[in-house]
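Please look over the sequence and the model shown below before reading on. The briefing that follows takes the chains in turn and then turns to the contact between them.

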Amino acid sequence: MSADFLYGIEVVLNGLMAGVMYALVALGFVLIFKASGIFNFAQGVMALFAALTLVGIMEGQVPFAHIINATFGTELHHFGWEVPAILAITCTVGVMILFAWAVQRFLFRHLVGQEPIILFMATIGLAYFLEGMGDLMWGSDIKTLALGLPQGGSRWIEDATAGLGGDDFYGFFIDKLDMVATVVAIVLVAGLIAFSQYTKHGRAMRAVADDHQAALSVGISLNFIWILVWSLAGFVALVAGIMWGAKSGVQFSLSLIALKALPVLMLGGFTSIPGAIVGGLIIGVGEKLFEYLVGPMVGGATENWFAYVLALLFLVFRPQGLFGEKIIERV
Amino acid sequence: MLYREAGDYKTSYTADSQTFPIAFDRYRYWVVLAVSFLVIPFFITDYLVNALFMPFLIYAIAAIGLNILTGYAGQVSLGTGGFMAVGAYACYKLMTAFPDVNILIHVVLAGGITALVGTAFGLPSLRIKGFYLAVATLAAQFFLVWLFNKVAWFYNYSASGQISAPERMVFGVAVTGPNTPAWASYLVCLVFVTISALIARNLTRGALGRQWMATRDMDIAAEIIGVNPLKAKLTAFAVSSFFVGISGALFFAVYLGAVEVGEVFGINKSFLVLFMIIIGGLGSIFGAFAGAAFLVTLPVFLKLIGVDLFGWPTDLVAHLQLVIVGFLIMFFLVKEPHGLAQLWRLAKEKLRLWPFPH
């Protein structure tokens with residue numbers, strides 16, 4: 001096999017891995033959208049906030065240290081202890097549940113029955129609020145997430161595949177972290193599907209997604225389900241935040257992956273969990289291949305916009321996405 | 001007492017359908033115009049112009065543009081930054097290609113070019129709606145910024161990849177470049193704002209504006225009563241992009257002077273202008289001004305309080321600003337979805353009955 005072809009395959013493989021990362025973010029969107037019809041723009045910032053909180057708790061940072069120091073002239077920064085990863089993750093999940101409750105109690109309870117676009121704009125406001133809050137609480141410097149996740153390319157795969165091509169082919173380069181992310185994503189999706197199929201609350205969640213009124217009339221508490229869904233989305237955000245944080249450091253740009261998740265959703269359909277995965281994979285592979293094949297001709301960095309243009313073209317032909325429910329409008 | 005219709009007899013249809021039916025409003029309007037044209041230019045300083053007046057005026061144009069698209073025609077756009085970039089680069093190319101033509105004409109032409117680009121990116125709105133469209137306009141945002149970064153022709157092959165405005169005169173006074181007096185740049189922006197607001201206000205009152213609003217309220221019903229959705233949506237995109245393009249051109253040529261596209265016209269600009277019209281009030285020209293004024297003065301105000309009064313570091317104040325803006329967006333959507341414009345309307349209602357509210 002020629003080296004070019006093999007490199008093409010490597011690009012596709014890496015694209016698939018990147019797609020999994022996008023899908024991780026997109027999952028959180030789908031959960032909330034299905035259950036409440038809210039298009040949660042803040043999902044990316046939630047990932048950032050969760051990762052910041054995790055790092056902060058692990059390293060024993062004092063929350064709001066910056067503002068306290070500036071106001072009272074103190075020199076606080078760390079409590080001086082380190083929290084083990086498991087405990088820190090549990091605490092962060094707790095924080096995300098608290099956040100879910102607060103969002104429901106103080107924001108969306110007052111917006112029931114508003115148009116989707118108003119809800120969407122409210123989540124943009126929420127995103128800004130949370131972003132500033134994360135910076136205020138934990139500081140805005142780039143942090144590293146020391147969870148002990150494997151890093152760098154896998155030597156084993158590289159050595160094993162080096163023999164496939166000629167002399168100028170050195171084997172597939174595949175990031176170990178991406179492989180971990182893939183496994184985590186599979187477990188997460190399996191867990192979510194099992195939860196929504198086989199548990200009482202999961203069934204209630206699907207009932208709410210199906211029809212708010214009918215769910216209410218059989219005694220399902222909408223309020224509880226929405227808090228549950230936001231907590232789940234917070235958990236998914238934490239997982240995505242850990243993966244992306246381990247990949248590129250916990251920093252502001254983490255919140256921008258939310259923007260990347262949007263075309264993923266449009267491609268896969270807003271209401272479908274498998275759609276989020278497949279959409280993520282298509283976008284991941286598509287943009288890596290496009291960058292590899294066409295990028296050099298037009299000056300590179302096509303990854304910035306390729307996903308959006310692909311989604312745009314796709315929408316013109318199939319407005320509900322690949323797996324979405326057909327959009328029916330009544331007058 | 002002063003603010004009421006009583007005693008103000010209209011004797012013609014023109015008088016009856018004028019923009020400000022209450023006499024007090026008309027006087028206020030002329031006083032505001034007179035103060036901003038005849039008084040402020042004499043007292044203005046460089047600091048005031050750069051920190052407050054120019055950003056306010058230029059964002060007001062952008063907000064009027066976006067408000068036409070989002071507030072009146074109901075098409076949410078997150079591509080404002082990209083369209084502002086089109087205006088800026090179109091203006092730059094025109095300024096360097098035809099140095100003898102008046103800069104004001106270039107700015108208007110830049111608006112026209114942006115209108116064409118905006119219409120092209122508005123085509124998908126015929127198929128997709130709501131936040132699907134919002135995401136689709138992100139394609140415009142990212143693609144346009146990338147294009148201006150990568151294609152060297154747009155920045156005249158300059159080494160830095162930046163564009164910088166050469167000096168241009170209007171009536172013998174520099175309005176672009178480093179030697180511009182504060183009052184000149186202020187007046188240029190003011191003229192454009194005034195004309196934009198006039199055009200926008202009258203468009204939204206007329207047949208076209210009614211078509212936009214019908215499409216916004218329910219596009220299928222609008223189509224059934226005879227509104228052509230193609231025409232309504234595309235004209236909304238065109239008119240909106242025209243204003244956004246003008247604001248982009250002014251932002252580049254008169255305000256900043258030199259622009260690096262990814263930094264100045266990034267996605268944040270799109271959000272900023274969207275926030276302006278949400279806080280100011282969707283579907284209101286006054287709201288565009290109120291929102292722009294609010295979001296331009298807020299950072300200045302916070303800096304005064306935080307940095308100068310409490311002695312906080314600037315990055316802390318910047319974070320605090322994010323929190324406050326985010327909170328205000330949510331607050332307005334919950335408490336007053338129609339924004340500052342609605343508060344203004346309510347205040348006027350109260351004024352009409354004052355001092356005998358019953």
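How many helices and how many strands are there in chain B? Chain B has 15 helices and 4 strands, where helices (H or I, at least four residues) and strands (E, at least two) are DSSP runs numbered from the N terminus. This is a predicted model, in which local features need pLDDT of at least 70 and side-chain atom pairs count only at pLDDT 80 or more, while totals for chains, interfaces and linings use all residues. Residues are numbered from 1 along each chain as its sequence is written, and chains are lettered from A and ligands numbered from 1 in the order in which they are written.

**Chain B as a whole**

- The radius of gyration of chain B, taken over C-alpha atoms, is 21 Å, close to the 21 Å that the globule rule gives for 358 residues, so chain B is as compact as a globular protein of that length; the rule is 2.2 Å times the number of residues to the power 0.38.
- The C-alpha trace of chain B spans about 70 × 55 × 45 Å along its principal axes.
- Of the 358 residues of chain B, 46% count as buried, a residue being buried if 20 or more other C-beta atoms lie within 10 Å of its own, exposed if 12 or fewer, and partly exposed in between, with C-beta atoms placed from the backbone.
- Among the contacts in chain B with a separation of 6 or more, 75% are accounted for by residues 24 or more positions apart, two residues being in contact if their C-beta atoms, placed from the backbone, lie within 7 Å.

**Helix 13 of chain B**

- The 25 residues of helix 13 (residues 285-309) should span 36 Å at 1.5 Å a residue, and its end C-alpha atoms are 35 Å apart, which agrees; the expected span is 1.5 Å times one less than the number of residues.
- A kink of about 30° lies at Leu298(B), shortly before the proline Pro299(B), the bend being the angle between axes fitted to the seven residues ending at a residue and the seven starting there.
- The buried residues of helix 13 of chain B, among them Ile285(B), Phe289(B), Leu295(B) and Val296(B), pack against helix 3 (46-72), helix 7 (182-205), helix 12 (267-280), helix 14 (314-335) and helix 15 (339-353) of chain B.
- Helix 13 of chain B is followed by Gly311(B), which has a positive phi near 70°.

**Chain A**

- Chain A has 14 helices and 0 strands.
- Its radius of gyration is 21 Å, close to the 20 Å that the globule rule gives for 331 residues, so chain A is as compact as a globular protein of that length.
- The C-alpha trace of chain A spans about 65 × 60 × 40 Å along its principal axes, and 44% of its 331 residues count as buried.
- Ile97(A) lies in helix 4 (residues 85-106) of chain A and counts as partly exposed because it has 17 C-beta neighbours inside 10 Å.
- Leaving aside neighbours within four places in sequence, Ile97(A) is in contact with Ser231(A) and Gly234(A).

**Contact between the chains**

- The contact takes 36 residues from chain B and 43 residues from chain A.
- On the side of chain B that touches chain A, the largest share, 13 residues, comes from helix 14 of chain B.
- The residues on that side of chain B divide into 30 nonpolar, 3 polar and 3 charged, where Ala, Val, Leu, Ile, Met, Phe, Trp, Tyr, Cys and Pro count as nonpolar, Asp, Glu, Lys and Arg as charged, and the others, Gly among them, as polar.
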